[in-house]
Amino acid sequence: MTPKHWEQQGSKRKASPDSQNEYEDEFRLTNLEILSEEDNQAASSDDRWIDELPDINSSFGDEKTDDEQSQIDSVEGASEDENENGSDQENTIFPSIKTVVSDITGQFKQVLPEIEPEYDSDSSIEDDPNCVGNIPLHWYDDLPHIGYNIDGKQILRAARGDELDRFLATVDDPLTWTSAFDKNAQMDKSLTAEELDIIRRLHENENPDANYDPYQPTVEWFTGKGKEEIMPLSGAPEPKRRWVPSSWEKQKVLRIVRAIRQGRILPSKPKTTTKFEFYSIWSEPASSVAAPLPAPKLKLPTHSESYNPPEEYLPTKQERKEWAKMDPEDREQDYLPQKYSSLRLVPAYDQFTKERFNRQLDLYLAPRVHRVKLNIDPNSLIPKLPSPSSLKPFPTYMALKVNQSIHHIRCISISPDGCWAISGDEDGFISLWEVNIGREIKQWKFGGKIGALDWCPRVDVSFFVVCIEGILFFIIPPNLPNSIFSSTYALLAPAASSPAPPTSSPVQWESTSPDSWSPNKPILTVKLPSSSGVPNQIAWHRRGDYLATVAREGTQSGVWIHQVTRRHSQAPFRKLKGTVQLVLFHPLKPHLFVATQQYVRLYNLSEQKLVKTFMPGIRWISSMDVHPSGDHLIVGGYDRKLCWFDLELSEKPYKILRYHTKAIRSLHFHPTYPLFASSSDDGSIQVFHSRVYSDLMTDPLIVPLKILRGHEIRDGLGVLQVRWNSRQPWLLSAGADGTISVWCS
């Protein structure tokens with residue numbers, strides 16, 4: 001039965017309600033009719049015959065013979081009679097079937113009428129239904145489709161609008177709020193009145209069942225006679241005794257265990273290939289690997305290798321003798337050109353085996369790795385530093401040179417106001433001179449070798465300390481203002497003696513009486529123990545009350561810290577690893593830097609413990625200085641290295657500078673300008689720009705600015721000490737040639 005006939009029948013029934021009622025009565029009667037077994041078999045056979053329809057003849061409409069045409073006409077006439085006689089079959093649900101003659105087999109066949117769809121039955125504009133089935137829809141979350149249609153094609157996901165589109169939809173259709181999105185069908189479906197009522201009840205916290213009565217009478221299930229234990233309720237788990245093991249599974253497991261023990265079941269072994277693999281050296285590798293280099297080629301033969309070379313290629317007797325005397329590796333050619341009248345007279349080549357062997361070595365030892373070289377300009381790798389002209393001011397020339405002594409001048413110091421300077425030589429002479437004009441104001445003579453001298457950093461007083469043969473002399477310079485002189489005198493020679501310290505010290509403090517004191521004599525004398533040695537360094541604390549002295553040639557007690565106000569001295573270390581070379585006070589914290597020959601240790605004086613140990617990698621440390629900010633340290637050594645340390649960064653140097661050709665003798669930071677200088681035995685002074693940023697993420701800027709030359713090298717020594725002027729970007733240097741130079745910007 002075809003859909004066309006169904007639709008025709010449906011349309012007729014729609015047109016005539018009476019015929020529809022008659023059809024319904026007839027259909028009910030046919031459904032109630034009881035068939036016999038033979039009728040059932042005949043009906044099933046008829047159904048199979050109807051299902052097996054013949055194929056449509058593609059050659060319909062071709063030319064036919066007269067006999068075939070007559071048969072077809074007779075069949076059509078018969079079918080027309082049948083249609084006329086069977087007009088009463090229009091009320092049935094089965095469509096009319098035409099009987100025609102097949103063009104291929106020549107037999108009769110029945111053809112169903114074609115479908116004539118109406119407009120209401122057209123489904124071309126409808127969306128394909130989702131035939132995905134009852135599976136989790138989140139499987140399609142990352143896919144562009146949501147299922148498949150009846151033909152197996154993908155159903156693309158429908159585009160859904162945003163909140164604005166939904167709002168506009170409610171304006172156009174006021175019943176939009178009664179619809180809900182169906183995930184399976186991927187579309188909005190209208191809710192029924194029952195579903196809306198359930199939603200309303202749930203929103204109002206009511207029971208979704210409209211027929212539920214919360215006030216119905218209670219049913220006593222477990223009370224009364226005969227109702228005990230009728231419907232017991234228990235949440236206890238199922239007891240294990242109710243579990244019955246499977247005997248069949250037990251036998252199967254036993255058979256498998258028995259087979260494993262007997263060796264009939266073996267575990268899978270890894271596949272091993274014992275086949276020897278050959279690798280082609282010069283074949284093309286995979287595309288991901290760079291192409292190999294081609295094999296080295298032999299040199300092409302020249303005219304000299306011919307059996308009949310030209311005359312100019314033939315060597316003379318003298319050239320043959322020289323070639324024979326030369327070593328084989330020094331010869332330009334491994335052969336001598338020879339001439340033969342014909343090719344058949346050429347003998348066998350005696351170097352053939354050796355050349356073949358060398359050729360094999362060339363192939364075997366030829367590099368087959370494609371080395372990719374970077375074409376980088378070496379100048380681009382050098383960091384771009386700012387121009388020195390943009391970093392001014394810094395000293396560039398020698399403005400003043402003072403010839404003080406014929407011996408080495410080992411120490412120099414500048415007053416805090418930058419106007420006066422003192423220097424000491426190996427003969428025991430100390431000179432006070434003016435920095436601006438280089439005029440010597442006064443000179444002191446001591447009986448021993450000057451080890452070190454330094455000016456007190458305080459501004460309200462003015463005096464300097466000189467170290468000679470284990471004795472410290474405190475000297476007040478002349479021509480001081482009355483206020484500064486009185487403050488200095490009260491500090492060094494107070495009227496009342498200071499109280500004795502709780503612990504005794506072997507260091508003796510002696511003051512000169514006011515009657516016997518004169519500007520030519522020291523006002524205060526500090527005598528160190530005899531085992532301390534000659535102090536080589538004086539390091540002042542920034543407040544000017546404490547100073548430390550270091551005697552490199554002394555014992556472990558060569559480091560002493562002195563307090564001027566209390567007139568007390570103490571040795572901070574009982575035992576140290578290595579010989580102490582230098583000490584420095586931290587400018588902001590109660591820390592002390594102690595440098596031995598190869599290490600720099602940082603001690604906390606208030607807590608009396610070791611904070612950090614720095615490893616500069618220098619064989620012998622010669623000089624050291626700390627930045628005014630207290631976060632950076634520079635260390636110089638006799639092996640020409642200058643190490644810059646960031647105290648918060650690492651224990652190893654941040655940067656190592658090698659600008660001097662000989663040992664470094666002195667280092668000094670400028671108190672106010674971003675400058676530091678280093679002097680060496682090569683007779684030069686290196687001036688650097690050293691800008692330190694407050695941002696911890698920014699590295700310090702270290703730029704070499706100028707090389708100052710003007711001191712002569714005497715006895716293998718050059719510039720022994722450098723000091724900056726605290727008020728100006730001027731530098732003072734003391735050399736082994738007995739001169740003092742002032743370098744200005």
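The legends below describe close-up views of a predicted model.

**View 1. The largest nonpolar core, of 25 residues.** Within this core, the residues that touch the most other members are Phe 463, Val 465, Phe 474, Leu 492, Ile 523 and Trp 540. Two or more residues come from each of β13 (464-468), β14 (471-475), α11 (482-492), β16 (524-527) and β17 (537-540). Helix α11 gives the largest share, three residues. Another core, of 16 residues, lies apart from this one and includes Leu 584, Ala 595, Val 600 and Leu 647.

**View 2. Surroundings of Phe 463.** With neighbours within four places in sequence left aside, Phe 463 is in contact with Trp 455, Cys 456, Phe 474, Ile 475, Ile 476, Pro 477, Thr 488, Leu 491, Leu 492 and Trp 540.

**View 3. Thr 176 in the loop between α5 (163-172) and β5 (179-182).** Beyond its neighbours within four places in sequence, Thr 176 is in contact with Ala 169 and Thr 170. Ser 190 is 14 residues from Thr 176 in sequence, and their C-alpha atoms are 7.9 Å apart.

**View 4. An open sheet of four strands with antiparallel pairing.** The strand order is β7-β35-β34-β33. Strands β7 (397-403) and β33 (719-724) form the edges, each pairing on one side only. On average, neighbouring strands of the sheet are turned by 20 degrees against each other, direction ignored.

**View 5. The pairing of β7 with β35.** These strands pair in the antiparallel sense over six bridges, with β35 spanning residues 739-744. Val 402 stands opposite Ile 740 in β35.

Notes
Residues numbered from 1 in each chain as written. Predicted model: local features only at pLDDT ≥ 70, side-chain atom pairs only at ≥ 80, totals over all residues. Heavy atoms only, no water. Core = buried A, V, L, I, M, F, W, Y, C linked by side-chain atoms within 4.5 Å. Buried < 20%, exposed > 50% of the residue type's maximum accessible area, 1.4 Å probe, protein only. Contact = heavy atoms within 4.5 Å. Pairing = 2+ DSSP bridges. Axes fitted to C-alpha atoms, helices over the stretch in contact; angles between N-to-C directions.
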